[in-house]
Amino acid sequence: MKLLVPIKRVIDYNVKPRVKADGSGVDLANVKMSMNPFDEIAVEEALRLREKGVASEVVVVSIGPAKAQETLRTGLAMGADRAILIQTDDEVEPLGVAKLLAKVQEEEQAGLIILGKQAIDDDSNQTGQMLAALLGRPQGTFASKVEVSGDAVAVTREVDGGLETVSLTLPAIVTTDLRLNEPRYASLPNIMKAKSKPLATKTPADYGVDVSPRLATLKVVEPPKRSAGVKVADVDELVAKLKAMGVAA
Ligand code: AMP
């Protein structure tokens, strides 16, 4: 079985984003970019399934600028077998990404597509769900455990107040939550090896997909600065203050 893992190049999670002066978006000039953390978890899960003998090949795919090659090379250095870059300098919304991934899946016929539950730049949490709908295949979102047996995959999902386990018939779509696994670091020899692994470059036009935006960003603002707190002497003073604020009865 083949596994397809879509990975997005996003602003590194350690970087504090700066909003552009005109409020049109986040300033990405000279900012460190990395693989979306939930996608690292997706790559790790795919590699573990291959190591268990459940899968034979792990293919990483990214939609983004030429520099997204670096992200794909990171996936290859972690252990993926080959990569596909769908190159575009335009911002592609989740629907466009899902349409492109559906076309890739038509060609690749993967048994399982493992995505992150959300990209930490746009926080959309849409692509996996849209892809499942476009392909007419089952989805297991927010996965904290993934077990393949025969032609089904059992996905344990993190839901409000507990865990839910669902069984999906393959081919299926899974999106990863934080507790699924702890991704490995790429070793230096594997980083070297990754340089010679296959990376195919395509464009959205190659797949005949219209990725023009369906929505316009009106304004981006920084979160309001937090005002300084006050120290209270004891619990009585804290309760009195909370009562005064109407928080406690
Ligand atoms: P989102 O719906 O934008 O929050 O993204 C959810 C997941 O879809 C991500 O964690 C990735 O696995 C995948 N994804 C989103 N955008 C891209 C992209 N441009 N290239 C590859 N994968 C993507």
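Student: Against which elements do the buried residues of H3 pack?

Tutor: This is a predicted model, in which local features need pLDDT of at least 70 and side-chain atom pairs count only at pLDDT 80 or more, while totals for chains, interfaces and linings use all residues. Residues are numbered from 1 along each chain as its sequence is written, and side-chain values use heavy atoms, with hydrogens and water left out. Helices (H or I, at least four residues) and strands (E, at least two) are DSSP runs, numbered from the N terminus. Contact means heavy atoms within 4.5 Å, and buried means under 20% relative accessible area (1.4 Å probe, protein chains only). Here, the buried residues of H3 pack against strands S1 (2-6), S4, S5 (82-87) and S6, and against helix H4 (127-135).

Student: Which residues of H3 are buried?

Tutor: Among them are Pro-94, Val-97, Leu-101 and Glu-108. Gln-109 follows H3 and has a positive phi, near 55°.

Student: Which polar atoms lie by an oxygen atom of the ligand?

Tutor: A polar contact is a pair of N or O atoms within 3.5 Å. A polar side-chain atom of Asn-36 lies 3.1 Å from a ligand oxygen. Polar backbone atoms of Ala-119 and Gln-126 each lie 2.8 Å from a ligand oxygen.

Student: Which element gives the largest share of the shell around the ligand?

Tutor: S4 does, with 3 residues.

How values were computed
A polar contact is a pair of N or O atoms within 3.5 Å; within protein, one must be able to donate a hydrogen and the other to accept it, and residues adjacent in sequence count only if both atoms are side-chain atoms. Buried means under 20% relative accessible area, exposed over 50%, partly exposed in between (1.4 Å probe, protein chains only).
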